[in-house]
Amino acid sequence: MTTHSEHLTPTVSWTVTPEPFTTRDATALRRAYYAELAGRYWKRQVTETEIDQGLLDFPDDGLVPPTGQFVVGRLDGEPLACGGIRLLDPLTAELTRVYVDRRARGTGGGAALLQVLEAEARALGADRVRLDTRSDLVEARALYARHGYAEIPAYNSDPYAEHWFEKNLP
C-alpha cells in the first residue's frame, strides 16, 4: 500500500509492506525503535549491548502469521518505519513496535503504518485494536488520537505503560 504524504511534494511516498522482523532492514528498525524508547526512558544514550538485551527481553515472536504481522515502511525506498500487530484474543489485536525514524517524522509515515497495520488486524479477524504507550512518547499519543484511538482503562500490567488506547475497526 502506498500513501502520498500531505506535507511533502507528491514525488515522496510511503510504501508499507509485511516483512519478517528478522530481515536486515526490519532488524535495524527494531534496534532503532528500542534505542529511542530506552534512551528516552533512561535519559541517555543506549549501548549496543543494552539494545541486544532489550530485544531478548521483549521478543517479537508473536508478530508472525497466524497470530500477528510485522511491517516495514519505506519512504521513497528507504526503510524508515516499522510496526507490528498481534492478536491478544480472537477479536482484539494489539499495536506494538510502531516507529518512524526522526528524519521522516511529519511525512505521513505513522499514518501509513496505522492504515496497513489496521488492515492486517482485520485480516487476522480482529474488530478492535489496542495499544499501550508512555507519557513521554507525546508524538505517538498524538498520532493515535488523530487516527481515532481513544484512551481506555489499563488492559495490561506492563510496568512501562502509562496510557492505553483502543479503536474499533470498521
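How many salt bridges does the structure hold? The structure holds 18 salt bridges, a salt bridge being a side-chain nitrogen of Lys or Arg within 4 Å of a carboxyl oxygen of Asp or Glu.

The model is predicted: local features need pLDDT of at least 70, side-chain atom pairs count only at pLDDT 80 or more, and totals for chains, interfaces and linings use all residues. Residues are numbered from 1 along each chain as its sequence is written, and side-chain values use heavy atoms, with hydrogens and water left out.

**Exercise 1. Determine how strand β5 is placed among its neighbours.**

Step 1. Seven bridges join strand β4 (residues 78-89) to β5, and the two run antiparallel. Two strands pair if DSSP finds at least two bridges between them. L87 has A93 in β5 as its bridge partner, and two residues lie between β4 and β5 in their hairpin.

Step 2. β5 and β6 pair in the parallel sense over three bridges, and T92 stands opposite R128 in β6. The chain crosses from β5 through α3 to β6, a β-α-β crossover that is right-handed: with the strands pointing away from the viewer, the path from the first strand over the helix to the second runs clockwise.

Step 3. Nine of the nine residues of β5 are buried. The side chains of E94 and R86 meet in a salt bridge (3.0 Å, N to O). E94 is buried at 7% relative accessible area, whereas R86, at 23%, is partly exposed.

**Exercise 2. Examine the aromatic pairs.**

Step 1. A search of the whole structure finds six aromatic pairs. Rings of Phe, Tyr and Trp (its six-membered ring) pair if their centres lie within 6.5 Å; planes under 30 degrees apart count as stacked, over 60 as edge-to-face and the rest as tilted.

Step 2. The F21 and F70 rings have centres 6.5 Å apart and planes at 75 degrees, so this pair is edge-to-face. F21 lies in the loop between β2 (13-18) and α1 (24-42) and F70 in strand β3 (residues 68-75), so the pair ties together parts that are 49 residues apart in sequence. F21 and F70 are both buried.

Step 3. Y33 and Y99 form an edge-to-face pair, 6.5 Å centre to centre with 80 degrees between the planes. Because Y33 lies in helix α1 and Y99 in strand β5 (residues 92-100), the pair ties together parts 66 residues apart in sequence.

Step 4. Ring pairs also link Y41, F58 and Y160 into a cluster. Y160 is found in the loop between β7 (150-152) and β8 (163-168), and its 35% relative accessibility makes Y160 partly exposed.

How values were computed
Helices (H or I, at least four residues) and strands (E, at least two) are DSSP runs, numbered from the N terminus. Buried means under 20% relative accessible area, exposed over 50%, partly exposed in between (1.4 Å probe, protein chains only).
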